[in-house]
Amino acid sequence: MSVALTSRHRTLQAGVITTLSLLVCALFSAALANKTVQADEQTSAAEATDYASPLEILFSPDGARLYVLCQGTSEIRVLNASTYAVIKNIKVGAVPRGFSLAPDGARLFVTNSWDDTLSVIDTSKLEVIATWPVAAEPSSVVEDPSQKQLFVANRISSDIAVLDAQTGVEQKRLLAGRGASYLALSPDGTKLYATHVYPNPSPHRTAPESEITVIDVARAVVLDRIPLHGIAGVFHIAFSADGRLGAVADYHPKNLVPLAHLEHGGAFEDTLTVFGADVGKPFEVPLDELERYASQPFDIAISPDKARLYVTSGGSEIVTVIDVAHMLQSIRQHPGGLVQDLSASANYVITRIPVGLNPRGLALSRNGRTLLVANRLDDTISAIDTNTNRLSSSIKLAGPARISALRHGEQTFYSARQSFQAQIACANCHIDSTFDGLTWDLEPDGFGRDIVDNKLLEGVKDTQPYKWTGTNPNIPTECGPRTEKYFWRSEQWSDLTLADLTVYVRSLDPRPNRWKLPGYDLTPAQEQGKAIFDRAVDKFGKPIPEYNRCSYCHSGPKGTNQKIFDVGTRKSTDNTGRFKSAPLTAIALTAPYLHDGSAQTMEEIWTVYNPEDKHGRTNDLTKDELNNLIEYLRTR
Amino acid sequence: MKKSLRLAIPLCMALSVLATTAIAAQAVPAQPQLAPAPPSMPMYRFENFTTANGLPNNHVFCVLVDGDRIWAGTEDGLALYENHTWKTYNTRDGLAHRAVLSLALDKRTGDVWAGTMAGLSRISGGRIDSFTQLNSGLSNDVVYGVSVEGENVWVATAAGACKLNLRTSQWALYNERNTPMNEIWVYGVSATPTKVYYAVWGSGVLEYDQKTGRWDKYDDPDGENEMVLFKDQGLIHEIVTSVSYVDNILWAATYFGDSRYDGRYWHNFLTKDSGLPSNFTNTLKGVDATHAWFGTDKGLAYYDGVNWAVYRPSLKDGKPEMTVRNAAGNITAIPVTTAPAHNYVLGIDFQGDDIWVATAKGLSHGIRQPRNSTK
């Protein structure tokens, strides 16, 4: 998936496992294509070491070229749009996530999410002509119609940076939703719409709240925020050519009720939210149908004549084709909403087209006749004839011929096919292999019992035991019986699948920490915070027992001694008050906190939920000392 | 400031606000003889807003102009006047507290920052996020002052000052441990690219140099002596309520007179030798190096560097009143038909040539009138 993963790619020693992996992949792929085109002639499969992992795709303005953002190889592959022959592969920064063309098509802007840079590609020379530093985890970019400003969505800092389009110098940042990630201009270019992948903060155990941030392009200020109630995870945005219909792809989790079953969409609704003059107030449109789900909706395209709307679903490995007129009719007929209605989509879904593994980005040709789909986890591009709604070809991008255990594990992680009625995957709750910012009622032990905060997977390797209560001794147990039985309600997985999934989960290293100074020096505040973290004596000179020191329970490079403690955080709804000391990996990013997510911020861990000093000796600290402790924790 | 005094401060503040009516009713000092040729001073027609025409509460602590939009911080919510209509944000919308004490505009982003009795709120595109001493690094929940400069939000609270860096989300706290602040009851802040000034209740004016990162402090040379022994030799008093830094000039208000400092010389303003209607000054706002507005307990005052004008309901009969004082100390009454809603002025902001005034009994819009107008 990333440059960081490159060194971790490994193939299984046992030939039989490799063979089985290949078989799995082959079975996945066989259903896809009428014909397969080998796109990349420059690099033979034998030479390739990294999977391309195509995430996004664009046509050039004249329709002659395709630009494919390949996240796994950190490059933009430029293809002939007719023959799919490779024109050039352009190396960009680490783990690119989004790109867009300048209005005149002369420059291609690429956000590199792991090294916080923006690559500027001259589309005539097909060369990177500038690399600009930007903010934390840039995820998409759009240039304004006047070509004076660039807008960059930053996932970690949850804002939209406004840059000078000629120099890349940042002018300001606009507050967006948490995990700001995707941008789209209105067709008239006056407004910019932004979505975000993690829900905004909301009171504990209330429905998640998200938004579409609307920005006045000329003034570069936030104009409005369209509320998305109950939504957690909002992805691409698309508009009809007349600008009267907008749509975003989103997840509607059911995290407030016990995850006791998956029947009838028990865990998630996969939806679009449509808005604009055609709709009136924003309206959530279900994509699911009983036994036919559209897990992990991601990208949207609307045909030039506004007759059809296309949505990729990464987990279900399909493109859903919607009749827009029928969809609008359904909306008008159901002003009270449709989201719980699994029969509704039959009124406007024309078909669901199986494509490759983990389909993500879409590109529709200018005449609307060809729809291209970037299939991230099998390195293909599906070409769909929109007249027939059938695959016309599958373009294979160059990459390793063999499916490694790691790759197979990643495919398993993102595919919903393992779950009951193929509804959900690991990636539903671990968006882009991270977390979802939600608390869940997972166990079927009663309404509101044992609420748990969803945890980050990065750095989870070797931090066993797992679960907040530490009752799962290892990842295979956590991902195997627990996930199969309680989350997915599925049949037991094969040993191979579980082993490969474990390989993938163990491979997830922490992303770069943005709070650390270059060279890992600490700021004065961080230094003072570290002293508090490490201290063995309180401010009154009284020794702090070992078990009540930050540095004891949160010891080691990942910030956990992997032991179980009662730190006084048990709620009346908890069956136990004993929880594993949580790793501190990327803790700054993963609010809410504590086992049940009751602490909305790191401060609340101590200002609200540590009245008796059981969660470390902290009540002797002044406010600025507590601030310093938090500044240090952000570096973990 | 003594401990007992510190404990009494919130009570004093509440009493001072509630006592508005009584203060307004006090006897007017004897006025010098009126002069026949007053200097030309700006004239306004005041339109007043109260609960009768849309304000959520008549007690208005502060006002902020954002283009055509007017924000008013009241005792019962943050009110927004736009397109001739009032809309109120309150705790149900995410506001930290219903009583909004201070306001600041981030001119780059359009975000509004509101200091309340229980935290600091950011209003951005209709969304409100609130920061409190429990959920963030904010030093104290009672936020008397807020000012935005660049990527930093500077905050004055009842327990120290602080700064939120919007880029890093890091809070920096300033108090008696890391600044020359003797008391930590911080009442106002004015942040600019070069200097940041804090008005500290009982501890003078605190200055932060943005370039060097150093703190400095300006005190009353008379110390805590209520007598002015050394006029124009420093800050007029230690109990500073408001600061405004503009064109490299510091304007500072206290409950015992006001001051102007140009980096070399101080000038003090007292009722006895200026046109200031009262030494008890809640707020002030510099227009430039020589012009400033003062919000006192006895009316709104304007100073043009030489002359003074006072706008208020008459202290005698409550009728609209405007007086002009020239350099010689001659006072002329200018016929007017409107006045600010109340004499107890708590907030001031400008909208082009117009002025908006927050008072203890309503919000006033002073619409600039042509010369010789008697509106």
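Q: What makes domain 1 of chain A and domain 2 of chain A count as being in contact?
A: In this predicted model, 17 residues of domain 1 of chain A are in contact with 20 residues of domain 2 of chain A. A contact here needs C-beta atoms, placed from the backbone, that lie within 7 Å. On the domain 1 side, the touching residues comprise six nonpolar, seven polar and four charged ones.

Q: Why are helix 8 of chain A and helix 11 of chain A described the way they are, relative to each other?
A: Let's take the angle. The axes of helix 8 (residues 524-534) and helix 11 (residues 623-633) of chain A cross at roughly 95° and come within 7 Å. Angles of 65 to 115 degrees count as roughly perpendicular, and therefore helix 8 and helix 11 of chain A are roughly perpendicular to each other.

Q: Which residues make that helix contact?
A: Helix 8 of chain A contributes residues including A:A525, A:K530, A:I532 and A:F533, while helix 11 of chain A contributes, among them, A:E625, A:L629, A:I630 and A:Y632. By class, the residues of this contact are six nonpolar, four polar and three charged.

Q: How many residues of chain B are in contact with chain A?
A: There are 17 on chain B, and they are in contact with 20 residues of chain A. The chain B side divides into three nonpolar, 11 polar and three charged residues.

Q: What share of chain B counts as buried?
A: Of its 375 residues, 53% do. To qualify, a residue needs 20 or more other C-beta atoms within 10 Å of its own. As for secondary structure, chain B has two helices and 30 strands.

Q: What makes strand 1 and strand 28 of chain B edge strands?
A: Strand 1 (43-49) and strand 28 (345-351) of chain B each pair on one side only. They belong to an open sheet of four strands in chain B, with the order 1-30-29-28 and antiparallel pairing. On average, neighbouring strands of this sheet are turned by 20° against each other, direction ignored.

Q: How do you know that strand 29 of chain B and strand 30 of chain B pair?
A: Count the bridges: pairing requires at least two, and five bridges join strand 29 (residues 354-359) to strand 30 (residues 362-369) of chain B. These strands run antiparallel, and B:T359 stands opposite B:G362 in strand 30 of chain B.

How values were computed:
Residues are numbered from 1 along each chain as its sequence is written. Chains are lettered from A and ligands numbered from 1 in the order in which they are written. This is a predicted model: local features need pLDDT of at least 70, side-chain atom pairs count only at pLDDT 80 or more; totals for chains, interfaces and linings use all residues. Two residues are in contact if their C-beta atoms, placed from the backbone, lie within 7 Å. Ala, Val, Leu, Ile, Met, Phe, Trp, Tyr, Cys and Pro count as nonpolar, Asp, Glu, Lys and Arg as charged, and the others, Gly among them, as polar. Axes are lines fitted to C-alpha atoms, for helices over the stretch in contact, and angles run from 0 to 180 degrees between N-to-C directions. Angles under 35 degrees count as roughly parallel, over 145 as roughly antiparallel, 65 to 115 as roughly perpendicular and the rest as oblique. A residue is buried if 20 or more other C-beta atoms lie within 10 Å of its own, exposed if 12 or fewer, and partly exposed in between; C-beta atoms are placed from the backbone.
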